[in-house]
2 protein chains.
Amino acid sequence: MFKINENYLKLPGSYLFSNIAKKVAAFSEANPDKEIIRLGIGDVTQPLAPAIIDSLHRAVDEMGSAETFRGYAPDLGYEFLRSAIAKNDYAERGCDISADEIFVSDGAKCDSGNIQEIFSVDNKIAVCDPVYPVYVDTNVMAGRTGIYDTGTETWSNVIYMPCTAENDFVPELPEETPGIIYLCFPNNPTGTTITKEQLQAWVDYANKEGAVIIFDAAYEAYIMEESVPHSIYECEGARTCAIELRSFSKNAGFTGTRLGFTVVPKDLKCGDVMLHSLWARRHGTKYNGAPYIIQRAGEAVYSEEGKAQLKEQVAYYMKNAAVIYEGLKDAGYDVFGGVNAPYIWLKTPDKMTSWEFFDYLLEKANVVGTPGSGFGPSGEGYFRLTAFGSYENTAAAVERIKRL
Amino acid sequence: MFKINENYLKLPGSYLFSNIAKKVAAFSEANPDKEIIRLGIGDVTQPLAPAIIDSLHRAVDEMGSAETFRGYAPDLGYEFLRSAIAKNDYAERGCDISADEIFVSDGAKCDSGNIQEIFSVDNKIAVCDPVYPVYVDTNVMAGRTGIYDTGTETWSNVIYMPCTAENDFVPELPEETPGIIYLCFPNNPTGTTITKEQLQAWVDYANKEGAVIIFDAAYEAYIMEESVPHSIYECEGARTCAIELRSFSKNAGFTGTRLGFTVVPKDLKCGDVMLHSLWARRHGTKYNGAPYIIQRAGEAVYSEEGKAQLKEQVAYYMKNAAVIYEGLKDAGYDVFGGVNAPYIWLKTPDKMTSWEFFDYLLEKANVVGTPGSGFGPSGEGYFRLTAFGSYENTAAAVERIKRL
C-alpha cells in the first residue's frame, strides 16, 4: 500500500485566509443587508497600469503569429526581463547582482515555499514572529519543524524571534544558531521595517555562523524612508549568505497576473556547492518558466511610463495607509507600520484576542481585517489592516471604526 | 553551518535538453553556413489559435479596468475553467469527474514534479523505461530513489518497466509492488499507446495492490484510434487509484503560455486521508493560481471556435507525423509511434548508440532529434523525432534523412 507524506497531517487547521473567508461568508449570509468592507487579505484592487496593459496586448499579438510566436521560455526567464531587473532593482541601488543570478518565477509565494527544498531536512529554521505563514507551513510539509505544541502554538524545532511593540518589531539575534533564517522587511504583517545598519548586523551574523538568510522583499516598493534598505544586497557581505525573494504582486498589482523572482548570488556556497546551481536545477527540472506575455508585462514595469504609473499606484495605496494610520491613532489605538509598508498593525483594545477583535470589527463595523495571531503566537493581541482597498472604502472603513 | 539537500548532488549530469542545446550551439558556431532543422525538443511552433488570442485580449482589457480587474485567483482555479474541463474532457467521455476534483496549474511539468511531494519518501516508484525524465529526477531530489549505478544508468530503488519493440512498448506488471506507478500514454518519448483493456489491467492491479497510478495524459489530443483511452477515468475503478495530469501545451500550443491541470478524485484515499485534501493543501500553501488571463485562454480552448481551430492545429502536426513516419519507413528504418502521438520513435541503424546517431544526424543531415537513451536505459539504441516543426521544415528534414 502506498504511503502519504505524514508531515501534511501535522499542519494545524487550514490556511488563515480560508478561515477568514468562511467567517465572512457566514456573516454575509446571516446579514445580507450589511455592506462589508474588506481590508483583510493583502490583495490589490487597482487595475494594471496602462503601460502594462499595452505591453500585454502587444505580447498577445506576438503569440498569434507564427513569426513571433514563443514556445518554451528559457529556464531562468527571458533575458529582457532579467536585465531590466538587474539594472533597475540592483545596479541602480549600487547592488552587485548580475542578470544570470536572477530566476524569474510565477510569484513569490511559490518561491518562498519551494526554496526550502534545496536545503537538507536537518536544518533548523528561524522565523520572525509574527510573519507570513508560508515559511513555517512549507517547512512543516518538508518535515523540518518537529512537534507542534497546541498550547503555545509553536513547533519544537523552529526558532521564533518575537517582533512586538516591546522590541520595536526588530528581531534579536537568536541564541541558538539556525541554518536558515527567514527575514521579511518591510514586514508582513506588521508593516514595520529595519534600518540598513540593523540588517547589516544580520548579514554579519549569518556570515559568521554559516547561516543562510532568505530575505523576502515583496513590499520594498512601499519604502519611503531613506534609512530603510530595499534589498539585502545593499549590505556588505550579503552575496555570501543571502537569497532574496521579490514579487510583482504589490508594486505592480500582479496578484492575479503572477510574476516574481528570486536572486541567488553565485558566491553563496555550501562547501564547493553553489546554491545557484541547486536552484537552477530545481527550476530546470520542476518548472517551465513564467508565460511569455506575463514576462513582457514584467518588462513594462521597468519602462519609464510604467515606473511613473506605478509610482502613482503605490502613492494611492500609501494615501490609504496614512488614512488608516492617522484615523486609528485619533481613535486611540496603538498603531504601527503603514509608513514604509501597505500594512497597518494595531494592538487590539481591551485585551481582546485577535480573533475576538476580528469578530467585533466584522459585527459592529462590518469591516474585515486579519487576526494577528494567524501570523504566529506573538501576533496574538494584534490585528492587521491593509491599504489595498479603494480610497473610498478605506476612508469609510476608518470612519466606521472611529464611531465604535 | 547550513546544509544542502544532498539528493540534488546525486543527479547525474544536467537535463537532457540542456545537453542537446549545448551540442547544437557548438555545431552551429563551427558551421555557420549550415541550416539546422530542429525536430528535437517537444516544443510547438504554430501560433495560438485566433479564438485563444481573442480571449486573451479580452481578459487583458478586463485587467486594465477597476470594475473588472482580478486579483488573487481561487486556490484551485477559476470555476469557469474547471467546469469547462469537467464537461469537455470528462463528462463527454463518460468519465465521472467533478469540477472540484480538478486543480488548475501553470503546467504539467510542475504538477508531475510536485505531485510526489504528497507521498511519503518511503514509497518505491515504478516508471516506464524510457519515459519523460521529470518523474525520476524529481523523485531523486526527494530522496526516494536509492543509489545510482553509472554502469546500468539505473537507480537502486526504482522499478523500471522496459517498453521496447520486443514487448510492443507495453509495460508488464512489475513483480515487486510499487507504491507509486507513473504511466504516460500516449507515451513520451515512444509515441506509442496502450488500449483501454491494457490500461484497465493496470487500474485493477493498482486497486488490488494498493498502489497509486500517476497517469500523464499530456498528449491525449493526438489520439486518433478508437481503442485508445483519452483518460484513465475511462477505466472502471480508476477513481480509487489514479491521479491524472493534463496539459494545454500540446493540444493548444501553450508551451510558452503555461497552463495545465491535475485531477485528484475524492475517492482516492490512504486510510481516511483523501489525497485530494493533501493536494489542495499544497496548492493553498505553495501556489497562488495560474494568471487570470491565461485561465481565460484555457477556457477558449473549449469554445466551439477554439475546438475547431485546435482540431486543425493537431491535424497539421499529425500530417507532419505521417510524413516522418512514412519517410523513415521508406528509408528502411524501424519506426514506431506517430499514429496517436506527435512523436516518432526509431531504432538507430547499424547498432549506433542514441548519442552516436544524434551526432550523425546533426553532422550529416543537420537535423536535431533527441537521443532515446536520455529517457532511460531502455531508450538506448532508439531516437525521437517530433512532429511539432513546420510542415516545410519537417518535409525537408525527412528528405535529408532519406538521402543519407
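**Labels and their grounds**

Q: How many salt bridges does the rule find across the interface of chain A and chain B?
A: In this predicted model, the rule finds two salt bridges across the interface of chain A and chain B.

Q: What makes the pair A:Arg281 and B:Asp137 a salt bridge?
A: The distance from N to O between the side chains of A:Arg281 and B:Asp137 is 3.6 Å. The rule asks for a side-chain nitrogen of Lys or Arg within 4 Å of a carboxyl oxygen of Asp or Glu, so the pair qualifies.

Q: What area do chain A and chain B bury between them, and on which atoms?
A: Chain A and chain B bury about 6,600 Å² between them, with 62% of it on carbon and sulfur atoms. In chain A, the residues that lose the most area to chain B are A:Phe2, A:Tyr72 and A:Arg281, together 12% of what that side buries. In terms of contacts, 79 residues of chain A are in contact with 79 residues of chain B.

Q: Why are the two copies said to be related as by a two-fold rotation axis?
A: Chain A is superposed on chain B by a rotation of 180 degrees, with 0.0 Å of shift along its axis and an RMSD of 0.0 Å. The two copies are therefore related as by a two-fold rotation axis. The same surface serves both copies, since 100% of the contact residues of chain A recur in chain B.

Q: Which residue of chain A comes closest to the rotation axis?
A: A:His57 does, with its C-alpha at 3.1 Å from the axis.

Q: Why is A:Val60 called buried?
A: The relative accessible area of A:Val60 is 0%. Buried means under 20%, so A:Val60 falls in that class. A:Val60 is placed in helix H3 of chain A. Beyond four places in sequence, A:Val60 touches A:Ile293, B:Ile53, B:Leu56, B:His57 and B:Val60.

Q: Why does A:Phe388 count as buried?
A: A:Phe388 has 1% relative accessibility, and the cut-off is under 20%, so the label applies. A:Phe388 sits in the loop between strand E17 (382–386) and helix H13 (391–403) of chain A. Leaving out residues up to four places away in sequence, A:Phe388 touches residues including A:Asp43, A:Tyr222, A:Lys250, A:Tyr317 and A:Pro342.

Q: How far apart are the C-alpha atoms of A:Phe388 and A:Val314?
A: They are separated by 9.5 Å, although the two residues are 74 residues apart along the chain.

Q: Why does B:Asn114 count as buried?
A: The relative accessibility of B:Asn114 is 8%, and buried means under 20%, so B:Asn114 is in that class. B:Asn114 lies in helix H5 of chain B. Apart from neighbours within four places in sequence, B:Asn114 is in contact with A:Arg282, A:Lys286, B:Trp279 and B:Arg282.

Terms used:
Residues are numbered from 1 along each chain as its sequence is written. Chains are lettered from A and ligands numbered from 1 in the order in which they are written. This is a predicted model: local features need pLDDT of at least 70, side-chain atom pairs count only at pLDDT 80 or more; totals for chains, interfaces and linings use all residues. Side-chain values use heavy atoms; hydrogens and water are left out. Contact means heavy atoms within 4.5 Å. Buried area is the accessible area (1.4 Å probe) that two parts lose on being put together, summed over both. Helices (H or I, at least four residues) and strands (E, at least two) are DSSP runs, numbered from the N terminus. Buried means under 20% relative accessible area, exposed over 50%, partly exposed in between (1.4 Å probe, protein chains only). Copies are superposed by least squares on the C-alpha atoms of residues with pLDDT of at least 70 in both.
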